[in-house]
Amino acid sequence: MSKARRDSDSAGSASTPPADIVRVNFEFRRELARKVEGNLAGFCYQCGACVGDCPSATYGGGFNPREIMLKVLYGLGEELLTEDSILWQCTNCYNCHERCPQDVKPVEVIISLKNMLSDLGIYPDNVDKVIKAFEETGRTTPVNPAVQRQRERFGLPPLPPVPVDEIRQLIEPDNAEPRAGARADADKGGTE
Ligand code: SF4
Ligand code: SF4
């Protein structure tokens, strides 16, 4: 919101709207709308219900899904898509999705914003590691023999092999040739 106000302030002529008028960036909203399934962000009425059960709002540093949705309503992409974006604090837990009375699906909006950041090459190292692990093994978390032993201890069956080739086909249909390491994992069942 502050950027929109700065824009208004800087115009500085007699025909300029008052400083508290916010200019909505509809271009950014349209760009985001193309990425969010359902595109229901415009129905957010800022009730704040999504904040109550949000673990990142409770334990994070300044994260607030309602404020994120407000910036989305104003189309403030330049405040959302930054190098040090707060969006990565969202855990994708979907609590906000269950609480929202408007069925806005704020988590889906946030995931789409993260995808936009990723398209800009902006993502934390740990996210990069998870993506690489998924591409190479079909799992986001490595499964080693210790995990299998734990499963056995709790009476759980061994994890089944992962169809790495099929996953890669879904991720990149035009470039589905597996990497050498991934092929070896798939041949071993992808469990280690
Ligand atoms: S999905 Fe993200 S924004 Fe929604 S409640 Fe969970 S951490 Fe908060
Ligand atoms: S709960 Fe839904 S309507 Fe309320 S502020 Fe959050 S996204 Fe907006």
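Residues are numbered from 1 along each chain as its sequence is written, while chains are lettered from A and ligands numbered from 1 in the order in which they are written. In this predicted model, local features need pLDDT of at least 70 and side-chain atom pairs count only at pLDDT 80 or more, whereas totals for chains, interfaces and linings use all residues.

A residue belongs to the shell around a ligand, that is, lies near it, if its C-beta atom, placed from the backbone, is within 6 Å of it. Helices are DSSP runs (H or I, at least four residues), numbered from the N terminus. Ala, Val, Leu, Ile, Met, Phe, Trp, Tyr, Cys and Pro count as nonpolar, Asp, Glu, Lys and Arg as charged, and the others, Gly among them, as polar.

Around ligand 1 there are 14 residues, of which Cys 54, Cys 90, Cys 93, Cys 96 and Val 107 come nearest. Helices α4 (55-59), α7 (95-99) and α8 (106-119) each supply at least two residues of this shell, and α8 has the largest share, 3 residues.

Around ligand 2 there are 15 residues, and the nearest are Cys 44, Cys 47, Ala 49, Cys 50 and Cys 100. Here α3 (49-52) and α5 (65-74) each supply at least two residues; α5 gives the most, with 3 residues.

| Shell | Residue classes |
|---|---|
| Ligand 1 | 10 nonpolar, 4 polar and no charged residues |
| Ligand 2 | 10 nonpolar, 3 polar and 2 charged residues |

Glu 79 lies in helix α6 (residues 77-80). Glu 79 counts as partly exposed because it has 17 C-beta neighbours inside 10 Å; a residue is buried with 20 or more other C-beta atoms within 10 Å of its own, exposed with 12 or fewer, and partly exposed in between, with C-beta atoms placed from the backbone. Between Glu 79 and Ile 68, 11 residues apart in sequence, the C-alpha to C-alpha distance is 9.5 Å.
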